[in-house]
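Here's a quick tour for anyone meeting this structure for the first time. Take a look at the sequence and the 3D view, then read on.

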Amino acid sequence: MSAPAEHAAPDQGPGGWLILAFAIACGITVANIYYAQPLVGPISESFGLDLSNAGVMLTMVMFGYVLGLLFLAPLGDLVENKTLILITLSSLIVSLLIAAAAPSAGVFIASTMLVGLTAVGTQMILPVVAHLAPERRRGQIVGTVMSGLLFGILLSRPLATMIAGSLGWRAVFVVSAALMCGVLVLMMIALPRRKPEHSLNYATLIHSLWNLALTTRVLQRRAAYQCLLYGSFSLFWTAMPLVLEEPPFSFGHIAMSAFLLSGAGGALVAPLAGRLADQGRGDLVTATAMTLVLLSFVLTWIGGHSSGGTAITLFVVAGILIDAGTQGNVVAGQRAIYALAGNVRSRLNALFLAGAFFGGAVGSGFSGFAVARGGTTMIAIIGIGASLLALALFALEVSARDRRTN
């Protein structure tokens with residue numbers, strides 16, 4: 001199956017097997033930037049790092065991902081997409097093997113940045129999906145692929161915890177490299193070739209990012225919302241394992257894996273969010289998503305002042321809500337972004353997600369601080385503040401839009 005450079009997508013869009021292939025590839029690829037989150041303790045102990053400084057490992061993964069979004073993902077508007085994606089995925093496999101064999105903290109931290117940089121292959125695949133999808137089904141199809149991506153994020157943590165608990169943390173990166181070999185073969189088979197039509201070189205392509213960021217209001221707003229929500233998401237899922245592995249909870253790797261897996265139900269919201277966005281109800285999706293994230297941190301606060309099964313139940317519900325809210329908002333955001341000009345779609349997507357993962361890097365970086373300085377109370381305070389700010393910014397957008405139409 002192939003598509004001309006910028007021709008309209010077929011009426012029906014990609015078939016079910018192709019959507020499934022893209023969802024699997026995106027999920028397994030994006031998981032690589034999350035494997036280290038529940039392993040901060042064991043990795044820090046292995047290299048003799050202080051726990052309060054261990055967040056730098058996770059920050060470097062996210063920082064690498066942001067660099068990849070800004071300097072690699074825009075190449076999707078410049079060079080043949082299939083070749084670009086296959087080279088990026090191959091580089092990710094090499095980066096994972098370096099992380100697995102890292103002899104020191106410095107080498108490991110550098111390798112995690114390379115993992116983040118090359119895991120951006122996920123965000124090269126998504127614009128191809130958007131290009132193949134017809135306008136009337138774009139939100140639904142992208143949302144379905146995003147479900148695979150979110151399942152990859154959510155399953156990465158329990159998978160990493162289970163493997164590390166049995167074989168050690170280095171085995172996690174070896175197993176991931178093997179999985180990525182399978183993804184590479186799958187993309188060799190499934191990806192269509194797409195050569196963008198353009199008159200740019202790499203320098204002008206990267207320079208154009210600045211102009212797009214300054215002039216595209218939809219992009220500015222959506223990137224800001226996702227930055228705040230994704231920062232909260234990363235804070236929660238990085239900090240909570242640190243809380244739960246200590247007394248009074250003292251979770252082992254099996255209990256921790258079960259907790260980390262519990263949020264997977266949030267992935268089911270993506271196709272629904274996409275369908276609602278396709279129906280012109282993006283505002284409803286956005287407001288609901290932000291409210292769910294806010295509520296999740298309220299429950300985290302209450303859970304931190306509870307005990308036993310009540311606390312754990314509240315933490316589990318909070319995890320489901322934050323996953324659903326973050327996913328719903330990213331689907332609504334990408335639906336809005338992909339509705340803009342197709343010839344800059346890779347760049348717009350890169351800028352949107354760079355904002356999101358910048359927030360993720362900050363959230364992960366604050367995880368050790370939050371746990372050390374107040375535990376669940378500090379986690380909840382930061383998350384509630386970020387959620388309220390997102391809601392306030394969205395309310396200002398809706399108000400301004402209403403004033404223009406009246």
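## Salt bridges and what's around them

The count of salt bridges in this structure comes to five. Keep in mind that this is a predicted model.

**A link between two loops**

- Glu80 and Arg193 bring their side chains together in a salt bridge, with 2.8 Å from N to O.
- That pair ties together distant parts of the chain, 113 residues apart: Glu80 sits in the loop between H3 and helix H4 (81-101), while Arg193 sits in the loop between helix H8 (169-190) and helix H9 (202-215).
- Is Glu80 buried or exposed? Glu80 counts as buried because its relative accessible area is 15%, which is under the 20% cut-off.
- Arg193 has a relative accessible area of 47%, so this residue is partly exposed.

**A charged network**

- Asp283 and Arg401 form another salt bridge, and their closest N and O atoms are 2.5 Å apart.
- Here too the pair links distant parts of the chain, with Asp283 in helix H13 and Arg401 in helix H17, 118 residues apart.
- Asp283 is partly exposed, at a relative accessible area of 30%, and Arg401 is partly exposed as well, at 26%.
- Arg401 also forms a salt bridge with Glu397, where the closest N and O atoms are 2.6 Å apart.
- Arg401 and Glu397 are four residues apart in helix H17, so about one helical turn separates them.
- Glu397 is buried, with a relative accessible area of 11%.
- Which residues end up in one network? Salt bridges with shared partners join Arg221, Asp283, Glu397 and Arg401.
- As a bit of background, side chains of opposite charge can pair when their charged atoms come close.

**The largest pocket**

- The largest pocket holds about 230 Å³ of space.
- Its lining is made up of 15 residues, and the closest to the pocket's centre are Arg222, Gly282, Ala332, Arg335 and Ala336.
- Which elements give two or more residues to that lining? They are helix H10 (217-244), H12, H13, H14 and helix H17 (376-405).

**Helix H12 and its surroundings**

- Helix H12 covers residues 269-278, and its buried residues are Ala270, Pro271, Ala273, Gly274, Leu276 and Ala277.
- What do those buried residues pack against? Their partners are helix H7 (138-167), helix H13 (282-304) and helix H14 (308-338).
- After H12 comes Gly280, which has a positive phi, near 80 degrees.

**A nonpolar patch on the surface**

- Leu295, Val298, Trp301, Ile302 and Ile381 make up a nonpolar patch on the surface, and together they have about 400 Å² of accessible area.
- H13 supplies the largest share of the patch, with four residues.
- Leu295 is found in helix H13, and at 39% relative accessibility this residue counts as partly exposed.

**Thr29 in helix H1**

- Thr29 has its place in helix H1, which spans residues 16-30.
- With a relative accessible area of 0%, Thr29 is buried.
- Setting aside residues up to four places away in sequence, Thr29 touches Leu89, Leu92, Ala119, Thr122, Met180 and Val183.

**Ser234 in helix H10**

- Ser234 lies in helix H10, and its relative accessibility of 0% makes it count as buried.
- What is Ser234 in contact with, once neighbours within four places in sequence are left aside? The residues are Met62, Gly360, Gly363 and Ser364.

**Met60 in helix H3**

- Met60 belongs to helix H3, which runs over residues 55-71.
- Not counting residues up to four places away in sequence, Met60 touches Ile109, Thr112 and Met113.
- Met60 and Leu114 are 54 residues apart along the chain, and 8.9 Å separates their C-alpha atoms.

Methods: Residues numbered from 1 in each chain as written. Predicted model: local features only at pLDDT ≥ 70, side-chain atom pairs only at ≥ 80, totals over all residues. Heavy atoms only, no water. Buried < 20%, exposed > 50% of the residue type's maximum accessible area, 1.4 Å probe, protein only. Contact = heavy atoms within 4.5 Å. Patch = residues over 30% accessible without salt bridge, like charges linked within 9 Å, V, L, I, M, F, W, Y side chains within 5 Å. Areas by Shrake-Rupley, 256 points an atom, 1.4 Å probe, with all protein chains shown as cover. Salt bridge = Lys/Arg side-chain N within 4 Å of Asp/Glu carboxyl O. 1 Å grid on protein atoms, 1.4 Å probe; cavity = no way out; pocket = protein on both sides within 12 Å on 5 of 7 lines; lining within 4 Å. Points joined across faces, edges and corners; volume = space filled by probe spheres on them.
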